[in-house]
Structures are given as structure tokens and as C-alpha cells.
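Please read the sequence and the model below before going through this briefing. The points are grouped by topic.

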Amino acid sequence: MKHMTENQVDDLSAPSRPARRRTNPVLLLILALICAGIVYGVLRYFQVERLKRENAQLNNQLVYNLVGRPGESIALKLADRFTDADGDLVADAPKDPGALVDPPTINFSYVATNEPELIRERFKEFVAYLSKEVGRPVEYVVFNSPEEELRALFEGKLHVAGVNTGNIPAAVNQCGFVPFCGLATDQGAASYQMQIIVPADSPIQKIEDLKRRELTLTEPGSNSGFKAPLVLLSKSGLQPGRDFALRYSNGHRQSIEGIANKTFQAAAIASDVMKRAMAEDPPLITKEQYRVIYESQNFPTAGFGYVWNLNPELSEKVKKAFFSFQWKGTGVEKEFSASAQSKFVPVSFKNDFSLVRAIDDAIRSIQGATEATTEPTTGAATQASR
């Protein structure tokens with residue numbers, strides 16, 4: 001028989017203690033997940049709110065740079081460094097021959113696009129023709145946004161360009177851009193309408209139904225994707241921020257696609273871009289997928305021009321090249337055929353872009369037009385930023 005040790009005897013004589021109850025591990029896991037969720041939610045809330053504030057500040061500054069501060073009513077005009085002796089509202093060529101530029105290589109660009117190599121290819125024949133007509137190399141320059149294109153014009157790094165409708169007043173007034181040419185159909189100068197579209201099965205039937213809903217815009221330099229809808233809706237008594245929220249897609253194609261897949265409730269787009277989107281193979285959107293709830297009067301399409309201080313002999317050769325270029329069988333024809341555009345024709349900034357200038361002036365008096373109420377979607381600006 002084994003003998004108990006002294007410690008074992010003491011253990012037996014000690015009063016019994018209740019066993020410690022173990023916490024259910026599942027309960028601990030649930031509590032940990034709840035705490036983690038609370039922390040994550042708080043952090044995400046502050047991060048999202050911070051991003052929204054930063055986005056709104058950035059957007060406000062961008063719009064001010066393009067169209068002026070909301071509430072200002074002074075019409076946009078030529079910068080003080082330019083003169084306009086003939087009253088055509090565009091900058092006169094410098095009188096000092098030393099101020100003229102005569103680049104050995106002409107830099108040319110068409111409106112910034114999210115498919116730059118495709119557009120470069122489409123303009124390949126035109127670039128070669130322009131080079132032959134002016135007697136020097138022409139280089140197609142790619143830009144990622146309309147703002148980059150405007151900066152290149154301002155800094156003298158871009159000599160000949162196609163500029164989207166909404167940015168032409170800024171290009172003329174701030175960069176010395178001289179628009180002389182536009183797109184045309186066989187019937188005459190081409191035009192387009194600003195349309196507000198919704199998914200086909202949307203309950204939104206008219207613009208008044210946008211109240212307490214969300215409108216998707218493209219980017220602040222766009223006429224039909226930003227300026228025109230804000231001005232025209234304001235004239236109908238609908239104010240952004242107060243009556244409807246804003247979202248940004250950064251391009252007409254992105255807005256159209258968002259309507260096709262029902263990501264967006266409503267979007268402002270250009271009618272000619274819609275025609276090209278429907279003509280794609282496969283189509284970006286079909287007529288069964290959307291409805292138009294508002295359509296504006298006609299606006300001119302993108303304009304082509306040169307910088308104000310380009311050597312006059314060179315600028316005359318540039319103009320001649322545009323008007324003598326034959327579209328048939330070229331990439332330019334392919335690019336614009338869906339909207340029935342087939343040639344270049346002369347345009348006047350003073351006459352043909354008067355409505356665009358009026359929109360630019362009007363948007364400066366819209367209070368709160370630049371207040372972003374949702375986070376913007378991502379995407380590059382497109383060629384169709386009308």
C-alpha cells in the first residue's frame with residue numbers, strides 16, 4: 001500500500017473549491033468580431049468623410065480654374081496678355097515678329113481619350129497629309145485629360161489641336177487658341193444635343209423626377225456632360241446639392257455604360273457620342289436599354305484650331321490642309337461616320353460658339369454647383385467630352 005505524502009494529505013483535508021468556469025470560445029470570437037467591426041466602421045467613416053471633403057475641395061478648385069467661382073457674374077473674356085483689335089473674340093497674332101513661333105515639328109492632338117492609341121491610329125492619314133501640306137514633320141501628341149491639353153496649349157507645347165466643345169472658351173480666353181474649323185455632315189456644320197438619359201425601366205420620367213435622386217456628370221470641362229445640364233436644370237428650378245446629388249464618371253462613355261448596366265440613376269451625355277456608342281460592335285448600349293428624359297438645343301461639336309502666335313504663313317497652310325483633306329477611306333471617316341460627319345468646315349468662335357459661351361457665363365452664377373455629394377467613379381477622360 002502506497003503512503004500519501006504530507007501535501008496530499010493536506011489537499012484531502014482542505015475544503016473543496018468550485019471549478020473555474022471557462023468562457024465559451026465562440027462567444028469570445030463573436031465579441032472580438034463585434035469590436036473589430038466597430039473599429040473598422042469608425043475608421044472607414046472618417047476615411048470616407050475625409051475623402052469626400054478632399055474631393056469636394058479639389059473639384060471646387062478645378063471648376064473655378066475652368067469656369068470661375070460660383071456666384072461671379074462677370075463674363076469670361078480674353079486674358080490681358082492678348083489683344084483683339086478686330087473684335088472676333090479671339091487673340092490677334094503678335095505684331096512683334098520676334099513673338100511668333102515657327103516650330104520645326106508641329107505638335108498636334110485631338111481631344112483627350114481613354115483610347116489614345118486608337119485615336120492616334122484614326123488620325124494617322126490626316127497627320128501625314130498635314131505634314132505634307134505644311135512641309136515639316138507633324139507629331140501626334142497623346143494627353144490623358146482635357147486639362148493636360150489646355151496646359152500644353154498655354155505653355156506653347158501644342159501648336160494645332162482639336163478641343164472639346166466645353167473647353168473651347170477656356171482655350172480661347174486663357175491659352176490663345178484660335179478655332180477655325182469644325183466637323184460637318186453633308187448637309188452642313190455638325191451639331192449635337194445634351195441629353196439626360198436614364199435606364200429604360202427607371203421610374204424617372206421627366207427632369208422634375210430627379211429630385212432626391214442622383215445625376216451623373218462627366219468632368220467640369222465638358223459642355224454637355226457638366227456645364228449645360230447644371231445651367232439648364234437650374235433654369236428649371238433644380239439646384240445641385242439642394243434638389244439632387246451629383247456623381248462623376250470622368251467620361252461620356254463611362255456615363256453611358258453606367259446607364260446600360262444600371263449603375264447610375266441618370267446621366268448627362270452628348271447625343272453624337274451616344275450614336276457612336278450604339279454603332280460599336282458590340283454596342284456599348286442599345287436603344288432598348290435607355291430613355292431620354294431631356295434634350296437641349298443644338299451645340300457645335302469639337303473645334304480645331306492653332307495657337308495665336310503661330311507664324312501666320314504656317315497657320316494659313318494648316319487651315320488649307322484641313323479644308324482640302326479628303327476623308328474617304330481614312331481613319332477620320334471611320335471615327336466620325338456613326339454620327340454622319342464627313343468633312344471639315346470653317347467655324348466662327350464669335351458666332352458658332354455663342355451658346356457655349358453663354359453656358360460658361362451662366363454656370364458661374366449657380367450656387368453650390370460644384371458640391372460633390374458622392375464619391376466619384378474612376379476612369380480616364382474620353383474623346384467625347386463635348
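This is a predicted model: local features need pLDDT of at least 70, side-chain atom pairs count only at pLDDT 80 or more; totals for chains, interfaces and linings use all residues.

Residues are numbered from 1 along each chain as its sequence is written, and side-chain values use heavy atoms, with hydrogens and water left out.

**Overall make-up**

- The protein chain has 13 helices and 12 strands, taken as DSSP runs numbered from the N terminus (helices H or I, at least four residues; strands E, at least two).
- Of the 386 residues in the protein chain, 49% are buried, where buried means under 20% relative accessible area, exposed over 50% and partly exposed in between, with a 1.4 Å probe and protein chains only.
- Among contacts (heavy atoms within 4.5 Å) between residues at least 6 apart in sequence, 81% join residues at least 24 apart.

**Helices α5 and α6**

- The axes of α5 (residues 146-154) and α6 (residues 168-175) come within 10 Å and cross at roughly 25 degrees; axes are lines fitted to C-alpha atoms, for helices over the stretch in contact, and angles run from 0 to 180 degrees between N-to-C directions.
- The two helices α5 and α6 are therefore roughly parallel to each other (angles under 35 degrees count as roughly parallel, over 145 as roughly antiparallel, 65 to 115 as roughly perpendicular and the rest as oblique).
- On the α5 side, L150, L153 and F154 meet A170, A171, Q174 and C175 of α6.
- By class, this contact of α5 with α6 has 6 nonpolar, 1 polar and no charged residues.
- Helix α6 is largely enclosed by the rest of the structure, because 7 of its 8 residues are buried.
- The buried residues of α6 include I168, P169, V172 and N173.

**Loop residue F143**

- F143 lies in the loop between β2 (138-140) and α5, and counts as buried because its relative accessibility is 11%.
- Not counting residues up to four places away in sequence, F143 touches S109, A112, T113, E148, E149, A152 and L158.
- N114 and F143 are 29 residues apart in sequence and 9.3 Å apart in space, C-alpha to C-alpha.

**Strands β6 and β9**

- Strand β6 (residues 191-199) runs antiparallel to β9 and is joined to β9 by 4 bridges; two strands pair if DSSP finds at least two bridges between them.
- I197 stands opposite A267 in β9.
- Both faces of β9 (residues 267-270) are covered, with A267 and I269 buried on one side and A268 and A270 buried on the other.

Key
Ala, Val, Leu, Ile, Met, Phe, Trp, Tyr, Cys and Pro count as nonpolar, Asp, Glu, Lys and Arg as charged, and the others, Gly among them, as polar.
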